[in-house]
Amino acid sequence: MNDFGIFVKAHGPKLAPFVAALILYFSLVRRDPQGELWTTVLKCLPIVALMFYVLVKGCSLSKDYRRSLWILLGLVFSCGGDALLNVNLFPFGMVSFGVAHVFYICAFGWKPLKWAIGLALFVAVSLFVYFVHEKLDEILIVGVPIYCYLITTMLWRALARAVDAKSFLTIFCAVGAVLFVVSDALIAVTMFVGVPLPCPRLQIMITYYAAQFAIALSTANDGPQSSRSFRRKIK
């Protein structure tokens, strides 16, 4: 069996709850939630399943699992953000997701810096913030720019890591970071700009869950060096 087959055999069963949670959410939540408890639970369930994956694939307080711990904390606060957004507490949900991005930034690290990538991203997000700031109210006019720079920093660190490592999991994680930005951009253009998108909830949630899946999966090669030998080509 090749390395990819071994990888799928080792991690596929641990990701089965995530797949089941996705099926439940997309099959049962057919319209935009109105703050119901059951839709909140179903919305959070895929992220809880990803927390389960990070824990059961191997996680501890040791240095070998430091990235897993940061990403686990990011998932916890993402779950909190999902719940708060679902009950229409948008500013508080944004704060929770902002904290999640801080943990993701810690997980991705600051080496290599790749400042050119960061500069290009920050110029782009600054233009976006300038474009939408007049459409924001008293609270969001402060919170939205801060959140935008946090998620942009998260994307920068994911891309810098992928460019340097050139491995499957780091590249897949960077794709996840891009999808996270896409998901939030879809929220922004519908909420602040008023762009009518076809099936906006589906577009937002599909890109969001794909993003979190890719970020969580990037922890697959965490652990003692001896346990990674069979995954070196895929890591």
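1. Buried here means under 20% relative accessible area. By that cut-off Y104 is buried, and so is F108. The model is predicted, and every value below is computed from it. Y104 and F108 also form an aromatic pair, and the pair is stacked. Their ring centres lie 6.4 Å apart, with 15 degrees between the planes. The two residues are four apart in helix 4, so about one helical turn separates them. An α-helix has 3.6 residues a turn, so residues three or four places apart point the same way.

2. How many aromatic pairs does a search of the whole structure find? The search gives 17. One of them joins F97 and Y208. This pair is edge-to-face: 5.9 Å centre to centre, with 85 degrees between the planes. It links distant parts of the chain. F97 belongs to helix 4 (residues 90-108) and Y208 to helix 8 (residues 200-217), 111 residues apart.

3. Are F97 and Y208 buried or exposed? F97 has a relative accessible area of 6%, so F97 is buried. Y208 is buried too, because its relative accessible area is 3%. Both residues also belong to one aromatic cluster, made up of Y25, F26, F97, F180, Y208 and Y209.

4. A charge-over-ring contact is worth a look. The charged end of R157 sits over the ring of W156. The distance to the ring centre is 4.8 Å.

5. Next, helix 6 (residues 140-165). Helix 6 has 26 residues. From first C-alpha to last, helix 6 reaches 37 Å. That is close to the 38 Å expected at 1.5 Å a residue. K166 follows helix 6 and has a positive phi, near 55 degrees.

6. How do helix 6 and helix 7 pack? Helix 7 covers residues 168-193, and its axis lies 8 Å from that of helix 6. The packing angle is about 160 degrees. Angles over 145 degrees count as roughly antiparallel, so helix 6 is roughly antiparallel to helix 7. The crossing of the two helices is left-handed.

7. On to the backbone. Most residues other than glycine have a negative phi, and most peptide bonds are trans. N88 is not a glycine, yet its phi is positive, about 65 degrees. N88 is found in the loop between helix 3 (66-86) and helix 4. With a relative accessible area of 58%, N88 is exposed.

8. C199 is another non-glycine residue with a positive phi, about 50 degrees. C199 has its place in the loop between helix 7 and helix 8. Its relative accessible area is 52%, so C199 is exposed.

9. Which residues does a cis peptide bond join? The bond runs between K111 and P112, and omega is about -5 degrees. P112 is found in the loop between helix 4 and helix 5 (115-132).

10. Last, C44. C44 has its place in helix 2 (residues 37-56). Its relative accessibility is 8%, so C44 counts as buried. C44 and A116 are 72 residues apart in sequence. In space, the two are 36 Å apart, C-alpha to C-alpha.

How values were computed. Residues numbered from 1 in each chain as written. Predicted model: local features only at pLDDT ≥ 70, side-chain atom pairs only at ≥ 80, totals over all residues. Heavy atoms only, no water. Phe/Tyr/Trp six-rings, centres within 6.5 Å; stacked < 30°, edge-to-face > 60°. Buried < 20%, exposed > 50% of the residue type's maximum accessible area, 1.4 Å probe, protein only. Lys NZ or Arg CZ within 6 Å of the ring centre and 35° of its normal. Expected span 1.5 Å × (residues − 1). Axes fitted to C-alpha atoms, helices over the stretch in contact; angles between N-to-C directions. Parallel < 35°, antiparallel > 145°, perpendicular 65-115°, else oblique. Left-handed = near helix turned anticlockwise from the far one by under 90°.
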